[in-house]
Amino acid sequence: MSDSHDNGHEQVPSRQRRRFPGISSRAYEHPADRSALVALRKLSGFDTVFKALSGLLPERSLRLLFLSDSVRVSDRQFAHLNVMLRDACYILDLEKVPAMYVKQDPAPNAMCIGLDEPIIVVTTGLVELLDEEEMRAVVGHEVGHALSGHAVYRTILLFLTSLAVRVAWIPLGNVAIMAIVTALREWFRKSELSADRAGLLVGQDLQASMRGLMKIAGGNHLHEMNVDAFLEQAEEYEASGDLRDSVLKILNVLPRSHPFTTVRAAELKKWAASREYQRTMDGHYPRRDEDKDTSVRDSFRESASHYATHVRSSKDPLMKLVNDIAGGAGDLGDRMRRGFGGFAGSQPRPPKDGDGDGPAEGPGGSQGPEGPGSDGDDGSGGPRSPRDGSPRDGA
């Protein structure tokens with residue numbers, strides 16, 4: 001499929017891209033996003049409920065609005081975008097090509113909305129900002145949203161945000177709903193990381209994906225920007241500051257639907273270097289016809305494992321503290337399992353009467369405090385308390 005178009009956009013050589021027949025969206029979904037989607041898909045009557053919810057939202061109105069006040073992409077209008085869209089659907093094996101519109105708006109943006117028939121909307125600001133390969137990654141990003149069914153997040157968020165306003169007068173009603181909205185926003189941010197991966201699978205050009213994210217952050221001044229320096233910003237953002245900065249980071253990201261741009265770039269580069277990405281490019285990926293057999297428990301376990309790994313490897317001061325506390329809790333739990341004698345550590349225990357062998361052996365000895373007969377006693381569980389005769393240490 002040709003990539004060259006005489007429309008004022010940068011021309012690039014035509015090249016063959018790898019296609020992924022029957023690919024499941026699980027192949028590129030972030031673990032937290034994947035676990036949420038697997039759980040939602042397993043809910044009986046899920047589609048019916050949320051299709052009914054979508055009727056309460058302005059989705060139909062938005063569809064008519066874009067049809068009447070934007071330009072629909074086709075082979076006669078924005079033909080180069082039409083080629084990209086069809087290529088993206090071909091590569092990800094999405095049978096039904098979504099409708100796509102270009103909206104007059106100087107702010108660079110794109111979105112995918114709709115449950116039954118997703119539509120993709122890109123702004124003129126984005127079209128004018130990105131070159132051919134960068135735009136291809138964005139189109140792949142939106143097609144990834146459509147394949148995953150991410151519009152359900154947006155639908156629920158819109159519904160609950162609207163509901164929160166209506167029940168604001170009920171004591172604690174708004175608080176309860178906003179707690180759910182906060183969780184949904186976290187899922188939605190992870191869905192953006194998933195869609196970035198889909199964009200890379202479609203464009204198959206990591207540098208183009210990086211350039212696109214840099215331009216979204218800094219505008220059309222590519223000659224003034226550097227990918228390595230941009231990624232260093234992400235590392236500095238994560239590692240710098242103290243606990244106060246960690247709290248501010250959380251507060252800054254809570255109301256956002258998208259992760260910060262430098263974070264997205266760093267996450268995408270990390271995934272591109274992973275074995276998972278390489279196996280997908282080699283043709284080893286989850287298939288769509290296997291989705292029904294996916295285990296919700298396994299998906300949540302994978303998500304939990306991802307977050308645990310993130311906490312352990314994070315350079316953020318708060319995450320380091322959480323990791324230290326978790327490590328301390330694990331050590332505490334281990335000591336509790338071994339009995340209160342586990343708290344003695346390496347401190348020597350006083351010799352018993354008639355025992356001339358010196359200090360008793362601490363934890364880690366041949367029997368340890370938990371074993372009967374340890375320290376050479378007669379199996380009574382340790383020295384007796386002079387007050388009540390009960391064992392001093394737990395079993």
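Rings of Phe, Tyr and Trp (its six-membered ring) pair if their centres lie within 6.5 Å; planes under 30 degrees apart count as stacked, over 60 as edge-to-face and the rest as tilted. By this rule, a search of the whole structure finds four aromatic pairs. This is a predicted model: local features need pLDDT of at least 70, side-chain atom pairs count only at pLDDT 80 or more, and totals for chains, interfaces and linings use all residues. Residues are numbered from 1 along each chain as its sequence is written, and side-chain values use heavy atoms, with hydrogens and water left out.

**Aromatic pairs**
- Phe20 and Tyr285 pair edge-to-face, at 5.8 Å centre to centre and 80° between the planes.
- Phe20 lies in the segment before helix H1 (31–42) and Tyr285 in the loop between helix H13 (275–281) and helix H14 (296–313), so this pair ties together parts 265 residues apart in sequence.
- Phe20 and Tyr285 are both buried (under 20% relative accessible area, with exposed over 50% and partly exposed in between; 1.4 Å probe, protein chains only).
- Tyr237 and Phe260 are also edge-to-face, with 5.8 Å between centres and 70° between the planes.
- Tyr237 is partly exposed, with a relative accessible area of 31%, and Phe260 is partly exposed at 22%.

**Strands**
- The protein chain has 15 helices and four strands (DSSP runs, numbered from the N terminus: helices are H or I of at least four residues, strands E of at least two).
- S2 (residues 99–103) runs antiparallel to S1 (residues 71–72), joined by two bridges; strands pair if DSSP finds at least two bridges between them.
- S2 also pairs with S4 (residues 119–123), in the parallel sense over five bridges.
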